Amino acid sequence: GSKKLWGGRFAEATAGSVEAFTASIHYDSRLYKYDIAGSKAHATMLASQGILSKEELQAIVDGLTSIQQDIEAGTFEFRRELEDIHMNIEKALVDRIGPAGAKLHSARSRNDQIALDFKMYLRDQCDILAELLDGIRRAFVLLARKYIGHVMPGYTHLQRAQPVQIAHHMLAYFEMFGRDKERILDCRKRLNLSPLGCAAMAGTGLPIDREQVAEALGFAGVTANSMDTSGDRDFAIEFVSACTLIQLHLSRLSEELVLWSSSEFRFVEIADKFCTGSSIMPQKKNPDIPELIRGKSGRVTGSLMSLITLVKGLPLTYNRDLQEDKEPVFDTVDTVTASVSIMAELLENLKFRTEVMEEATKTGFITATDLADYLVLKDVPFREAHGIVGRAVAYCLGKGCELDQLTMEEMKKFSPIIEEDVFEVLTVDGSVNSRISTGGTGLARVEEALEKAEKLMGIS
Ligand code: ARG
């Protein structure tokens, strides 16, 4: 017969190949802390409901504590034939304390148990990520403060578009990672309902108190429908989806850092300790960290696809397919937390070459829009102004000069309305600082936004 905890109805032992194929202990052992905390809370509730005696409860709690100590000391032996973390711990408990251990699983199934472990794990990961996101947001605020007043080209289509404050560019990322943090906290809020007590999927006839367990484990309440609960993995998908956006934001930043550190741009200097060299080309200093982060966005996106596809065709309620939810989530956690924290470190060691960036704003007709706006303020309809400036740019291209190098006489040929005051408008600083619309790059606005960000991050 079968020696499994569930082996009663089986006539023969499980095939070795099946044990190997179905086991998840090699990755779900990561959940041991939550599994044990959940079991303690469950046992405590069973005792208050009269299902366990005081002595049995004490034996269970002590047994679980000793198991946790052994796991943390690295002396606990995880066994593949016990499939998963739940049965590894339960079997060890029964071995250690005898019959009381065998009562622990009353009014519980591995289906609500895994949902509990997974939610508690992700709840902690949400808190860790929120903290790490604050770290990277802080780094952007510090960079913005350091470089406020310095300009760089802003790009669209990777073509020089309009001059902006470096600080404005940094605060753009501050916003992006701020939304990421909100998403993570929102995900945490929604997942923070206890699944325990839904049992396999129909609930239980035993007199349990789900609210007591939920409260003991720090949940805001209990889930409403036992069938929904045992098949629900929305929370994992939401979490990985929020992580995908984080990794995408990191990837876009990485792309900029790779470009900016190239000899073609020379906008930034990434600290030596954050770069690596080439085994053949002695001159190389490569931006591997941003490249790897950019590359890792592929695996995070892939994990999101895995999870979505995993759940897509599943009938209610629990199906063993759902065991495949853990690895993509764990990999996402490892990848995203490592990426956010190393990027924050890199940013703390990043230097901008402000002279090069400023120089780059001086060519490429970067203040052409300002000339059009200048005409608009003199009552020229914008479309007409656009045409006038376009012709002036074409003229400059032919002549090989910039707009601010035209003489007054040449200017007048494009529009008689243009006066001496145009040259102030064509300066980079004039251009940047005129953009004081809400959310714009004008110094006054950026200073305002920066002060707000500093206050939010507790930097004074
Ligand atoms: N290891 C399983 C998982 O990760 C736990 C739940 C198993 N339930 C079951 N009925 N086989 O989903």
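Leu-93 counts as buried because 24 other C-beta atoms lie within 10 Å, where a residue is called buried with 20 or more other C-beta atoms within 10 Å of its own, exposed with 12 or fewer, and partly exposed in between, the C-beta atoms being placed from the backbone. The model is a predicted one, in which local features need pLDDT of at least 70 and side-chain atom pairs count only at pLDDT 80 or more, while totals for chains, interfaces and linings use all residues. Residues are numbered from 1 along each chain as its sequence is written.

Leu-93 belongs to helix α5 (residues 85-97); helices (H or I, at least four residues) and strands (E, at least two) are DSSP runs numbered from the N terminus. When neighbours within four places in sequence are left aside, Leu-93 is in contact with Ile-60, Gly-63, Leu-64, Ile-67, Gly-101 and Leu-104, contact being defined by C-beta atoms, placed from the backbone, that lie within 7 Å. Pro-290 is 197 residues from Leu-93 along the chain, and their C-alpha atoms are separated by 47 Å.

## Nonpolar cores

A nonpolar core is here a set of buried Ala, Val, Leu, Ile, Met, Phe, Trp, Tyr and Cys residues joined through C-beta atoms within 7 Å. The largest one has 94 residues, and those with the most contacts inside it are Ile-60, Ile-136, Phe-140, Met-170, Leu-171 and Phe-239. Helix α7 (residues 110-147) gives the most to this core, contributing 17 residues.

Apart from its neighbours within four places in sequence, Leu-171 is in contact with Phe-140 and Ala-144, and also with Val-446, Ala-449, Leu-450 and Ala-453. A second, separate core of 14 residues includes Ala-368, Ala-372, Leu-375 and Leu-403.

## Annotated domains

An unreviewed UniProt entry annotates residues 8-302 as "domain: Fumarate lyase N-terminal", and positions from that record are given in the numbering used here, with feature names shortened and annotations that may be inferred rather than shown by experiment. This span, residues 8-302, is 62% helix and 7% strand, and its end C-alpha atoms lie 40 Å apart.

The feature "domain: Argininosuccinate lyase C-terminal" is placed by UniProt, again in an unreviewed entry, at residues 365-433. Over residues 365-433 the chain is 65% helix and 0% strand, with end C-alpha atoms 17 Å apart.

## Helix α13

The 23 residues of helix α13 (residues 326-348) should span 33 Å at 1.5 Å a residue, and the end C-alpha atoms are 33 Å apart, which agrees; the expected span is 1.5 Å times one less than the number of residues. The buried residues of α13 include Val-329, Val-333, Val-336, Val-340, Met-343 and Leu-347. Those buried residues pack against α2 (25-28), α7, α11 (234-260), β5 (268-270), α12 (288-312) and β6 (350-352).

## The ligand shell

Around the ligand are Ser-24, Asp-28, Asp-84, Arg-110, Asn-111, Ile-114, Tyr-318, Arg-320, Leu-322 and Gln-323, a residue being included if its C-beta atom, placed from the backbone, lies within 6 Å. By class, this shell has three nonpolar, three polar and four charged residues, with Ala, Val, Leu, Ile, Met, Phe, Trp, Tyr, Cys and Pro counted as nonpolar, Asp, Glu, Lys and Arg as charged, and the others, Gly among them, as polar. The element that gives the most to the shell is α7, with three residues.

## Backbone geometry in the loops

Most residues other than glycine have a negative phi, and most peptide bonds are trans. The peptide bond from Leu-316 to Thr-317 is cis, with omega near 0°, and Thr-317 is found in the loop between α12 and α13. Ala-107, in the loop between α6 (99-102) and α7, has a positive phi near 60° and counts as buried because it has 21 C-beta neighbours inside 10 Å.

Asp-379, which is not a glycine either, has a positive phi of about 75°; its place is the loop between α15 (368-377) and α16 (382-399), and with 8 C-beta neighbours inside 10 Å it counts as exposed.

## Helix α15 and Thr-363

In α15, the buried residues are Ala-368, Asp-370, Leu-371, Ala-372, Tyr-374 and Leu-375, and what covers them includes α16, α18 (422-425) and α19 (428-434). Thr-363 lies in the loop between α14 (354-360) and α15 and counts as exposed, with 11 C-beta neighbours inside 10 Å. Thr-363 and Leu-403 are 40 residues apart in sequence, and their C-alpha atoms are 9.1 Å apart in space.

How values were computed:
Contact = placed C-beta atoms within 7 Å.
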